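The following note sets out points for a colleague who is examining the coordinates.

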Amino acid sequence: MSGITKTFPGVKALKDVNLTVRRGEIHAICGENGAGKSTLMKVLSGVHPHGDYDGEILFEGRRCAFGGIRDSERAGIVIIHQELALSPQLSIAENIFLGNERARRGLIDWNRTNFEAGELMKRVGLRENPVTAVSDIGVGKQQLVEIAKALSKDVKLLILDEPTAALNDDDSAHLLDLLRGLRDDGITCVIISHKLNEVIAIADTVTILRDGQTIETLAAGEVTEERIISGMVGRALDNRFPPHEPSIGEEVLRIEDWTVHSPSQPGRKVVDGATLTLRRGEIVGLAGLMGAGRTELAMSVFGRAYGTGISGRILKNGKPVELRSVEDAIRHGLAYATEDRKRYGLNLIDDIKRNISAAALKGVWVDEREEYRVAEGFHRSMNIKAPGVSSVVGKLSGGNQQKVVLSKWILTEPDVLILDEPTRGIDVGAKYEIYTIINRLAREGRAVLVISSELPELLGLCDRIYTLSEGRITGELPRGEATQESLMHLMTKGTPR
Amino acid sequence: MTMTTPRTAETGVEAKRPFRINLRSSGIYVAFALIVALFSVLTDGALLTPQNISNIIVQNSYVLILAIGMILIIIAGHIDLSVGSVVAVTGALSAVLMVNMGLPWPLALLLTILAGGLIGAWQGFWVAYFGIPAFIVTLAGMLLFRALTLTVLGNQGIGPFPDAVRTLANGFTDGYLGNIGLGPLGGADLFSLLIGLMAIAGMVAAQWRTRSARSGYGQAVDAMPLFVLKMAAGAALILFLVVQLARFKNLPWVLVLLAFLVLGYSLMANRTVFGRRIYAIGGNLQAAVLSGVKVKQVVFWIFVNMGVLSAIAGIIFAGRLNQAGPTAGNSFELDAIAAAFIGGAAVQGGVGKVVGAITGGLIMAVINNGMSLIGSPSERVMLVKGAVLLAAVAFDVWTKRRAGVSR
């Protein structure tokens, strides 16, 4: 692939990216969240069709212009997404041949389907009956079904996006062995992974992306964790943050030994014995790679809005509290602004004033004059750019929508604000405004927990930063000691064995 | 219908939008006016004669009452297919209580309404707390409560009802203050006219208060000529309706009931926290959950409310026919749902107004009545009603796509 540039509305996701993958190698792609890894793979596999991007793709010497995923699959390129694309109620065999059915004169040949599925399952080391429903096997085995499905399409280049993110250690080890076996059979693999120890263990070549650009390509011999990390984060911190003078008071929230289980995969701990504290006037960061359990931690604390089998203690102002519902959490002075404001944060078809009042309404009657007055106040103080507070929220830009979300939570008068990716999808100017608002909240004596994938943001904003990896708190660094490298080390730290 | 004045630089795109939203929310009233005008011409004015207006209201009152409950359920993003059967079973219950058991009518009505609430609670439990889609729960309810009706009635009608109930369903207010002459229009009941004038005064006063309160906070309002025009149109409509009714037999009691229900439920939907919650749930369920809305409770209670309104409709329907029958309420659910959607409810929930649903119901009522006056066969009436429903929803989807509000 050479000179690949891909633009989304308002964002240049890839800038002139080059990538060369040799036949029969395992090629790892590393980069921070949002560096452009997944976008690059989507271009390669035809998810973003030809014409949607600039640059060219050569596969086995031939120029490719994939109009969609079927074209790329015909050429032998198969992508397995992070979110598995299996139909849970169908059997393993049906899933393997989905869209590629073994049929004779329009009728499915079930014997052939199940027999060939069995052969493919042997190749990937999946010992199950082909007629078992996919929902009845674990995630690790489901991943193998995806690979068997890829093999059924005569794959030459297999792309795996974070294949081990949801797997336990045994399943991960098995998967990596399988990839080595496939390489020896002549199948080329491109793997995106955040787990650097895995990358080092398996990759023949590593390409590092940062901010949508290729930084370097390293051969197996020269790859070390330090080298990858410095490539991933090597970016100058410019002056994008308003000055912040912390005045930190007493402890306001303590989360002790917090453990949360996944509601979809029983037994898997999404958050594992996490302990953290927040103090008045303090901005605390929570760093972690995708899948580390940041959002799950925040939402489970916020009135158990996520997770099952939750254990641990929450102390508010030193006193233990039970937050059984979102309402409890709000009453105890917590606020949580979600990472996906369109899906979870706002009623997009309603107007600004009603969105702002949504979490603070109490009693029987709505005082519309008061609601209007309050909304007008935020309209000015938060500098929400809209014709008036009766404007529909769905029409606003990302930054202004986020200001509406923040207004909504400030109106509930919280002591603790948890802001999940507060500047995602927001342009630089509006980011600065959001940072200013966060600083103001801290100055007013509130505790703010900022969850962010952007390390420079955490470094520029926070007084103290926790790192989370695979559901565990792996470190806690004060402002002075944290650097992108030290954080990245802690964020990629695997489970101690 | 606020016309917002552009204030900031980025409103170039936005400036056109208020008109579009205007069209979307008020198009239904314009359509109603056109349909009424069309049928007045087609029927040579028979549509708007005093007796016919009274008929339209009395014959459709129960569907309009159901539409009030249905719009709330649809705003929350659910549906209720069982209301026709609930109308039947509550009508049957009231007949058993009053006719067979001889209970005094106020007690019997109270018990029937209570039973309606329990039926709503049953369905609300399965939808809200057990998590079964409302479509399935109420489809089952449609069968269950029809079966219960047949069991209670033993497959035959029970009647006749006490006079008080028949008056409520079918009767008119007395001429308390006697008749006055209206020149060429003939005589009319003074009491009804006074009620009409009070309604007009109340409407103007309320709208004026809202307007001055809004402009007091710098919020954009209709320009004065437009405001006066709207008030004049509203006043003319009420006055016309009241004069026509007063010339016939005074105000139907169901109209009085309906007016109270519409006012009360509009107030509930617009001005109470509970009403806000309904819109929040339908607009974005997850956001409502994460804003601390007790979603299950709200959904439960709107189904209880639907049960209560169904019971009221059931009593009125049985009272009007003077008999509770096994086929009562057949396909009422479809009329109520159609009224809500024609009245501007959104298929995904989160949008809709009580007054809109009433207008939607009246549009169908006028089509029904007008077409039967000009002698159209019933299959053609059905055809037209189907087309109107499809057109109304298509219009809603189309305007939404044009407005480009992403969801």
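1. Helix axes are here lines fitted to C-alpha atoms over the stretch in contact, and the angles run from 0 to 180 degrees between N-to-C directions. On that basis, helix H6 (residues 163-170) of chain B and helix H12 (residues 295-321) of chain B have axes that come within 8 Å and cross at roughly 105 degrees. Angles of 65 to 115 degrees count as roughly perpendicular, so H6(B) is roughly perpendicular to H12(B). The model is a predicted one.

2. Which residues make the contact between these two helices? From H6(B), Val165(B), Arg166(B), Leu168(B), Ala169(B) and Asn170(B) take part; their counterparts in H12(B) are Ile315(B), Ile316(B), Gly319(B) and Arg320(B).

3. Another crossing in chain B involves helix H2 (residues 50-75) and helix H8 (residues 224-248), whose axes come within 8 Å at an angle of roughly 105 degrees. H2(B) and H8(B) are therefore roughly perpendicular to each other. On the H2(B) side the contact involves Pro50(B), Gln51(B), Ile53(B) and Ser54(B). These meet Leu241(B), Gln244(B), Leu245(B), Arg247(B) and Phe248(B) of H8(B).

4. The peptide bond from Gly159(B) to Pro160(B) is cis, and its omega is near -5 degrees. Pro160(B) belongs to the loop between helix H5 (134-153) and H6 of chain B.

5. The loop between H12 and helix H13 (332-342) of chain B holds Asn322(B), and Ser331(B) is also found between H12 and H13. Asn322(B) is not a glycine, yet has a positive phi of about 60 degrees; Ser331(B), likewise not a glycine, has a positive phi of about 65 degrees. Are these residues buried, partly exposed or exposed? Asn322(B) counts as partly exposed because it has 15 C-beta neighbours inside 10 Å, whereas Ser331(B), with 9 such neighbours, counts as exposed.

6. For chain B as a whole, the assignment gives 15 helices and two strands. Its C-alpha trace spans about 70 × 65 × 40 Å along the principal axes. The radius of gyration is 22 Å, which agrees with the value near 22 Å that a compact globule of 407 residues would have. Of those 407 residues, 41% count as buried. Among contacts between residues at least 6 apart in sequence, 78% join residues at least 24 apart.

7. The model scores ipTM 0.82 and pTM 0.80. Chain B averages a pLDDT of 86, and 90% of its residues score at least 70. Over residues 1-21 of chain B, however, pLDDT stays under 50, and the model has 33 contacts beyond four places in sequence for this segment. Where pLDDT is low, the predicted coordinates should not be read in detail.

8. In chain A, six strands form an open sheet in the order E18-E19-E20-E15-E21-E22, with mixed pairing. Strand E18 (334-337) and strand E22 (472-478) of chain A stand at the edges; each has a single partner strand, so one side of each is left without a neighbour in the sheet. The twist from one strand to the next averages 20 degrees.

9. How do the strands beside E21(A) pair with it, parallel or antiparallel? Strand E15 (residues 283-288) of chain A pairs with strand E21 (residues 464-469) of chain A in the parallel sense, over five bridges. Within E21(A), Thr467(A) is the bridge partner of Ala287(A). E21(A) and E22(A), by contrast, pair in the antiparallel sense over six bridges, and Ile465(A) stands opposite Leu477(A) in E22(A). E21(A) and E22(A) form a hairpin with two residues between them. Glu470(A), in the turn, has a positive phi of about 50 degrees.

10. A last point concerns Gln89(A), in the loop between strand E6 (77-80) and helix H3 (92-96) of chain A. Gln89(A) is exposed because it has 10 other C-beta atoms within 10 Å. Beyond its neighbours within four places in sequence, Gln89(A) is in contact with Ala133(A) and Ser135(A). Gln89(A) and Ala133(A) are 44 residues apart along the chain, and their C-alpha atoms are separated by 5.7 Å.

Note on methods. Residues numbered from 1 in each chain as written. Chains lettered and ligands numbered in written order. Predicted model: local features only at pLDDT ≥ 70, side-chain atom pairs only at ≥ 80, totals over all residues. Helix = DSSP H or I, 4+ residues; strand = E, 2+ residues; numbered from the N terminus. Rg over C-alpha atoms; globule rule 2.2 N^0.38 Å. Buried ≥ 20, exposed ≤ 12 C-beta atoms within 10 Å, placed from the backbone. Contact = placed C-beta atoms within 7 Å. pLDDT = per-residue confidence, 0-100. Pairing = 2+ DSSP bridges. Parallel < 35°, antiparallel > 145°, perpendicular 65-115°, else oblique.
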